[in-house]
Amino acid sequence: MIDLHTHSNFSDGSDSPTQLAQRAHEVGLRAIALTDHDTTASHDEMAAACAHHGLELVPGVEISLLDTTFTRPSADGGTAARGVHVLAYFLPLASNHPVQRLLARLREDRRQRNDRLVRRLQELGFIRLTRENVAAHAAHDEGVGRPHFAAAMFELHPEIVGARTPESWSRLFVDWLGASGKAYVAKTNVTIEEFIDVARGSGTVFSVAHPLLNYLPDYSATSINERIPAILASLRERGVAGVEAYYGGTNQATRALMLKLTRDAGLIPTGGSDYHGLFKRDVSLGVGLSGDLRVPDEVLDELKAAR
Ligand code: AMP
Ligand code: ZN
Ligand code: FE
Ligand code: FE
């Protein structure tokens with residue numbers, strides 16, 4: 001069993017890389033990719049911890065990019081570029097590499113988005129929320145993201161968002177922080193094509209994370225069959241090698257359908273739990289939300305062959 005989508009406290013997970021590797025060892029993973037948002041700063045600690053446990057580490061990152069082909073409806077009734085999460089594996093780690101410089105730009109976009117999001121939430125009545133008390137929920141300042149905002153909103157303004165439960169946590173993203181929420185602030189200006197272009201020749205392999213979360217309003221088999229094939233064909237043309245068909249947040253039937261469509265499109269089906277520790281309390285490392293996720297080891301061999 002392998003898990004190619006996990007987060008540490010260098011982004012919006014709660015485990016340190018050392019704790020994450022320990023847990024991966026305990027659940028019996030053979031290989032793991034640590035895919036923190038927009039940063040590989042967690043890599044060195046993770047590499048040391050994985051070596052200690054004899055666990056294979058796949059270098060990775062989860063990046064926030066724009067898809068300008070398959071747009072989303074915007075608040076003013078028009079359309080806007082769609083923010084999508086893309087997993088990049090085997091990327092260069094040297095800080096002066098163009099890929100890392102582009103990641104630094106994404107982190108700067110994130111910092112500016114966070115500042116704007118604080119102001120927006122204050123305008124909407126979250127008057128006790130500040131940049132400092134959002135950052136207090138994160139272990140590393142550069143990794144601050146929306147889950148840390150959510151934690152601060154529950155802590156400081158229960159009169160607006162209620163008490164924190166798994167249901168109210170999801171609802172907060174729908175009502176406030178998600179793409180159709182009242183406080184949504186777009187983050188990145190870098191497109192999928194631009195990132196792939198900069199990475200050309202570097203051995204980086206791209207896989208679109210949680211494709212349904214990125215592209216579909218609902219997860220019905222009918223909408224998947226209607227819309228996903230054209231999206232996958234387009235992504236493949238743009239240089240994406242894989243799709244996260246084995247996503248830990250979807251059920252067995254959905255994963256089977258996505259696996260078939262991924263193969264039909266000539267893409268590699270990758271997979272992972274999207275483990276975030278205490279920031280996604282119902283998601284378990286390796287086995288995902290449903291508990292029955294199993295990502296086959298062979299997927300990793302296909303990814304390596306695509307470098
Ligand atoms: P950011 O990187 O700041 O844009 O935040 C993105 C992160 O917010 C995702 O990786 C998830 O951890 C979390 N997130 C986004 N949408 C939702 C949602 N609907 N429910 C729960 N968590 C979400
Ligand atoms: Zn996250
Ligand atoms: Fe994601
Ligand atoms: Fe993720």
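A donor is an N, O or S atom within 2.8 Å of the metal (3.2 Å for Na, K and Ca), and sites may look incomplete because water is not among the atoms. The legends below describe a predicted model, in which local features need pLDDT of at least 70 and side-chain atom pairs count only at pLDDT 80 or more, while totals for chains, interfaces and linings use all residues. Residues are numbered from 1 along each chain as its sequence is written, chains are lettered from A and ligands numbered from 1 in the order in which they are written, and side-chain values use heavy atoms, with hydrogens and water left out.

**Figure 1. The site of the iron ion (ligand 3).** Three residues coordinate the iron ion (ligand 3), namely E62 (OE), H85 (ND1) and H210 (NE2), at 2.1 to 2.2 Å. Along the chain these donors follow the spacing E-x22-H-x124-H. E62 belongs to strand β3 (residues 56-73) and H210 to the loop between β5 (205-208) and α9, so this pair ties together parts that are 148 residues apart in sequence. Helices (H or I, at least four residues) and strands (E, at least two) are DSSP runs, numbered from the N terminus. Both E62 and H210 are buried, where buried means under 20% relative accessible area, exposed over 50%, and partly exposed in between (1.4 Å probe, protein chains only).

**Figure 2. The site of the iron ion (ligand 4).** Here the protein donors are H5 (NE2), H7 (NE2), E62 (OE) and D274 (OD), which lie 2.1 to 2.2 Å from the iron ion (ligand 4). The angles among the four donor atoms run from 76 to 163 degrees, and the site is irregular. Four donors count as tetrahedral if all angles lie between 85 and 135 degrees; four count as square planar and six as octahedral if opposite donors are over 155 degrees apart and all others between 65 and 115; anything else is irregular. For comparison, ideal angles at a metal are 109.5 degrees for four tetrahedral donors, and 90 or 180 degrees for six octahedral ones. The donor residues of the iron ion (ligand 4) have the sequence spacing H-x1-H-x54-E-x211-D. Because H5 lies in strand β1 (residues 2-6) and D274 in the loop between β7 (268-272) and α12 (298-305), the pair ties together parts that are 269 residues apart in sequence. H5 is buried, at a relative accessible area of 0%, and D274 also counts as buried, at 2%.

**Figure 3. The zinc ion (ligand 2) and its distances to the iron ions.** The zinc ion (ligand 2) is 4.3 Å from the iron ion (ligand 4) and 5.4 Å from the iron ion (ligand 3). D12, in the loop between β1 and α1 (17-27), and H37, in the loop between β2 (31-34) and α2 (43-53), link distant parts of the chain, 25 residues apart. The relative accessible area is 6% for D12, which is buried, and 10% for H37, which is buried as well.

**Figure 4. The largest cavity.** Rolling a probe the size of a water molecule over the atoms shows where empty space is left. On a 1 Å grid over the protein atoms alone, a cavity is a set of points where a 1.4 Å probe fits but cannot get out, and lining residues have an atom within 4 Å of a point. The largest cavity has a volume of about 50 Å³, a volume being the space filled by probe spheres set on the points, which are joined across faces, edges and corners. Among its lining residues are H210, Y219, E244 and M258. At least two lining residues come from each of α9 (211-215) and β6 (242-247).

**Figure 5. Aromatic pairs.** Rings of Phe, Tyr and Trp (its six-membered ring) pair if their centres lie within 6.5 Å; planes under 30 degrees apart count as stacked, over 60 as edge-to-face and the rest as tilted. The count by this rule comes to five aromatic pairs. F70 and Y215 form an edge-to-face pair, 6.2 Å centre to centre with 85 degrees between the planes. F70 lies in strand β3 and Y215 in helix α9, 145 residues apart. F70 is partly exposed, at 23% relative accessible area, whereas Y215 is buried, at 2%. The ring centres of F126 and W176 are 4.9 Å apart and their planes stand at 90 degrees, so this pair is edge-to-face. Both F126 and W176 are buried.

Technical notes:
On a 1 Å grid over the protein atoms alone, a cavity is a set of points where a 1.4 Å probe fits but cannot get out, and a pocket is an open set with protein on both sides within 12 Å along at least five of seven lines; lining residues have an atom within 4 Å of a point.
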